[in-house]
Amino acid sequence: MPCPLEISVTATAPTSLSTRSALAAHLAVSAVALAAALLLVGCANPGPAHTPLAQTTPAAAGLNAATTDVVATSQWWKALGDEQLNTLIDQALQGSPSLAVSRARLEQAVALSQVREAANGPQATLGVDATRQRYTANGLVPAPVAGNTYNSGTVQATLSWSPDFFGQHAAELQAALGQARAAQADAAAAANTLAAQVGRSYVALARLVAQHDVAVRALAQREEQRKLTQERTSAGLDSQVELTQAQAAVPDARTQIEALDEQITLARRQLAVLTGQAPDALPTVTPRLAALQPTAVPEVLGADLLGRRPDVVAARWRVEAATQGVNSARSEFYPNINIGAFIGLNSLGLDRLFNGSSRQMGVTPALRLPIFDGGRLRAQLGGRAAELDVAIAQYNGAVLDAVKEAGDAVASIQSLTRQQALQDEAVASAEKAYRFAQERYRAGLGNYLVVLSTESQVLAQRRLAVDLRARQLDTRLVLMKALGGGWADDTAVLHTAAAH
């Protein structure tokens, strides 16, 4: 069962000014009592210090000591060269509900840190009370008050202050600031993620539009093939088998177009919602893959990556907040000293409230020191230490995830570059075969079915080329996000900015 030591001394000045010496004597006794209580500070023992988990270093995460040779810049999406995309991302950053939630959480965290800072300073209050009361005739109050009804009033100013001798208040403030700075980095991470999501959705829509163009040409090619096969069947050159196959290919091509139309509609609706608009707000947006320019790719991932990633910085500030939480919990083993004073007027009868004889004043120094608490403070300290280990583990995980995400994007882009070279060769070969088939047909050396067949190979390669280019652009967007989205760490000046 907790049994804390508490010493509280109140010295109240009588109404007579001749008693100031008595007030000084009371204060002297209070000081002696406080000094005696401080001798008991060793009664509550926090136990051995906790050794927190080790934090992952940039070298352990596989980062180069040099700086990243290519970094994302502010508004990195403008490097893609598409004004329509720029407008959509700007609109998303202004009107997205998810970003509004992040900003509200930031404002809440900043407000909590300001509340904590304000609570650490001197507190002054003014109270005014008036009471109308009938006093019992059988209580402690003597006549003539007993058995009668009187008005009473109090006007009193109170000043209190708790000196931070053992650093508890400072630790609590730094913990609150750490959470606020983490919230600020979280808001930046949310904006970075949203910009990447809009960009990737835009590229996905452009891919579907490009695939739709190829599918439309495939439908026209199959219509021509059916017509030619029908003519050949009528002439006895082909059988009903070839004609049935050619006829079946037409509705199959139309089905593919219809499926792409559905996907384009859904992609437009998703893009509209990401930008904070109604789902049907973008019915005519038709991006083109050819209008999007690939961005530069870094060859080296340096240690500076960890300072550019807002999610990693947020995790680091949570480690700092948890560290200060441990310090705050440890400081609770030491005395808590409060100094208070009051001055005011009090009288039985409102007509005498403002008489000089109604004044009252006093000081209320107090000290509270835990001696026996059943292990509550130790358990609380252990819980804070565990929270610190959790924060460090989450930071280590965020570091590894950041390095992996950036490294994976770089590796994929390098592979896609090699795939692009091979794909270019395949497209060139298919188009060359198509040209030869056309030339043979014009020279009367081949039939048009061979031409249509070779064109089918060209269309198949174009589909692959569309997917490959879309993947290249999408992976570069992932890389820009992984590089921090051009964010600069300004969390260290959060408190100064909030104060103004």
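Which backbone nitrogen does the side chain of Asp-82 reach? The side chain of Asp-82 comes to 3.0 Å from the backbone nitrogen of Gln-84. The model is predicted: local features need pLDDT of at least 70, side-chain atom pairs count only at pLDDT 80 or more, and totals for chains, interfaces and linings use all residues. Residues are numbered from 1 along each chain as its sequence is written, and side-chain values use heavy atoms, with hydrogens and water left out.

Asp-82 lies in the loop between helix 1 (20-38) and helix 2 (83-95); helices are DSSP runs of H or I, at least four residues, numbered from the N terminus. Asp-82 is buried but has no salt bridge, and Arg-288, the nearest side chain of opposite charge, is 9.3 Å away. Buried means under 20% relative accessible area, exposed over 50%, and partly exposed in between (1.4 Å probe, protein chains only). A salt bridge is a side-chain nitrogen of Lys or Arg within 4 Å of a carboxyl oxygen of Asp or Glu.

By this rule there are 16 salt bridges. One of them joins Asp-252 and Arg-222, with the closest N and O atoms 3.0 Å apart. This pair links distant parts of the chain, Asp-252 in helix 5 (residues 240-274) and Arg-222 in helix 4 (residues 168-234), 30 residues apart. Asp-252 counts as partly exposed because its relative accessibility is 37%.

Arg-309, Asp-311, Glu-405 and Lys-481 are linked in a network of salt bridges. Within it, Arg-309 pairs with Asp-311 at 2.7 Å between the closest N and O atoms. Arg-309 counts as buried because its relative accessibility is 3%.

Key: Helix = DSSP H or I, 4+ residues; strand = E, 2+ residues; numbered from the N terminus. Lys, Arg positive; Asp, Glu negative; His and termini not counted. Polar contact = N/O pair within 3.5 Å; in protein donor to acceptor, adjacent residues only side chain to side chain.
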